[in-house]
Amino acid sequence: MESLARAVPTGRPPSIRFLGGVGTVTGSKFLLSTAASTVLIDCGLFQGHKELRLRNRAELPFPVESLDAVVVTHAHIDHLGYLPALTRAGLRAPVHMTPGSQALAAVVLPDAGRLQEEDAEHANRVGSSRHHPAQPLFTEEDALRSLESIVASPFGVPVQVADDVTVTFRRSGHILGSSWVLIEVAGFGAIAVSGDLGRAHHPLLLPPEPLTLVDTVLVESTYGDRLHDLDDSAQLLADAVTRTAARGGSVVIPSFAVDRTEVLLMNLRRLMRTGAIPQLPVFVDSPMALDALHAYRRAIAERWPEIRPEAVATDDPFDTGQLRECRTVEESKAIAKLRYPSIIISASGMATGGRVLHHLIDHLPDSRDTVILPGFQVAGTRGWQLATGARQVKIFGEYIDVRAEIVSLEGFSVHADQAELLAWLGTAPSPPRTCFVVHGEPSASAGLAEAIHERLRWRAIVPRVDELVLLGRRPMNREGVSP
């Protein structure tokens, strides 16, 4: 489809500056500069090790007022979470995303603002910060104001976001509303930014749409050097729940509020209905997760275009039969008084904050209990510490002994693995001029880049932090056509 953006007569090529999401799986930010426009693609928060988190507080390397647009691939914090900070810094440009991402942004951003304020308040109360007083990176009010900048566009519809830039969102199958983005620069060519790619067999979402003809690709590499375990993660989940209940313990699942909670509930529902696990109360203790659950229920009921037709059912696909939705602090605290086996699903997914920390304090020291980690854990997070065998973890300034069983279930990840990433790249009608491998730990990015070079015979580059690259076209043959 012809770009809506007007051609700008200049010989200056566009460039991309890699401000985040390189050398790490967090903080995705890519600054596209053209002859006439400046567009920020994703605006994620850094998570994990302290040196990464400190980058959230660093001065921006560009004036916020210079932005003509922000384009967001999906509503996970590592791709969206810096938006309130941009708003606080004076962002006036529109923020483009899909309707599904807009619905989830309204859930995750205010919650992130509240957590920022609560963390600062706690640090000031107990004196655990070097800064006096500790200040939140942004507030709930900043987050609510940032929502006013959002412009939602459906999949497949080209939208002119700047004078010479047109964006089309394509389905990526990662979470509700997630997209890979086709970016057309007038007078130049096209760029594809993968965001996070989902898997072909997501129980709710349709798989990623294939690539179109582009000059440049930015592809994520979260699992770029790995293949997902072929073991049946649902069976491993069933084994862990059954084992824990038999010894009179409870299961705590630090879960991403968006999508992972929904997938877990669907699996627990099926396992209980088939008798694979005992009938246990399931507590979803996260207002954000419950709001996200409402968004998924709405998407199913209204048959949004990314929802699998077979997922549309007459009853609630997330109701295990003993689902308890905990919104208030009092309901959350009441869980700690339980003296019978149960399953507690609570945010955050890498145990970096939220109500799950209180449940970990209660259950980590008990050898009868189990903590299940259902997905990728960023290096430096508490989830990563638990997954790598830590015997103590620090929570609220104090060390908590780890005696509970720890089970990692990366098979529940909704990130494509190396084979799935290569399969998606292989849908391109012809090779791009350059494929930049981003959003991965160094070994994962390097592994995917090597696989792209060996199997697809493409030029694959792992960019450096803050690197600026000029974007060129695919080479033309003698007839003036890209091969």
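**Group meeting: rings, a sheet and a hairpin**

Okay, let's start with the rings: F18, F30 and F436 form one aromatic cluster. Before I go on, this is a predicted model, with pLDDT of at least 70 needed for local features and 80 or more for side-chain atom pairs, while totals for chains, interfaces and linings use all residues. Numbering runs from 1 along each chain as its sequence is written, and side-chain values use heavy atoms, with hydrogens and water left out.

So, what counts as a ring pair here? Rings of Phe, Tyr and Trp (its six-membered ring) pair if their centres lie within 6.5 Å; planes under 30 degrees apart are stacked, over 60 edge-to-face, and the rest tilted. How many aromatic pairs does the structure hold? Four. Take F18 and F436: the centres are 5.3 Å apart and the planes sit at 50°, so that pair is tilted. It links distant parts of the chain, with F18 in strand 1 (residues 15–20) and F436 in strand 20 (residues 434–438), 418 residues apart. Helices (H or I, at least four residues) and strands (E, at least two) are DSSP runs, by the way, numbered from the N terminus. Buried or exposed? F18 is buried at 0% relative accessible area, and F436 is buried too, at 6%. The cut-offs are under 20% for buried, over 50% for exposed and partly exposed in between, with a 1.4 Å probe and protein chains only.

Next pair: W180 and W424 are edge-to-face, 5.7 Å centre to centre with 70° between the planes. Again the pair links distant parts of the chain: W180 is in strand 9 (residues 179–185) and W424 in helix 12 (residues 418–425), 244 residues apart. W180 is buried at 0%, and W424 is buried at 5%.

Seven strands make an open sheet in the order 7-8-9-10-11-20-21, with mixed pairing. Strand 7 (159–162) and strand 21 (460–461) are at the edges with a single partner strand each, so one side of each has no neighbour in the sheet. Two strands pair if DSSP finds at least two bridges between them; strand 7 and strand 8 (residues 165–171) have three, in the antiparallel sense. Within that pairing, Q160 stands opposite T166 in strand 8.

What lies across it? Helix 12 lies across strand 9, strand 11 (216–220) and strand 20, running at about 160° to strand 11. Helix 13 (residues 442–456) packs on the sheet as well, touching strand 11, strand 20 and strand 21, and its direction makes about 155° with that of strand 20. Those angles run from 0 to 180 degrees between N-to-C directions, using lines fitted to C-alpha atoms, for helices over the stretch in contact. Contact means heavy atoms within 4.5 Å.

Over to the hairpin. Strand 17 and strand 18 form it, with two residues between them, and F396 in the turn has a positive phi of about 55°. Four bridges join strand 17 to strand 18 (residues 398–401), and the two run antiparallel. K394 has Y399 as its bridge partner in strand 18.

Last stop, S255, in the loop between strand 12 (251–254) and helix 7 (260–273). S255 is buried, at 1% relative accessibility. Beyond its neighbours within four places in sequence, S255 touches residues including R260, L264, I345 and G349. That's me done.
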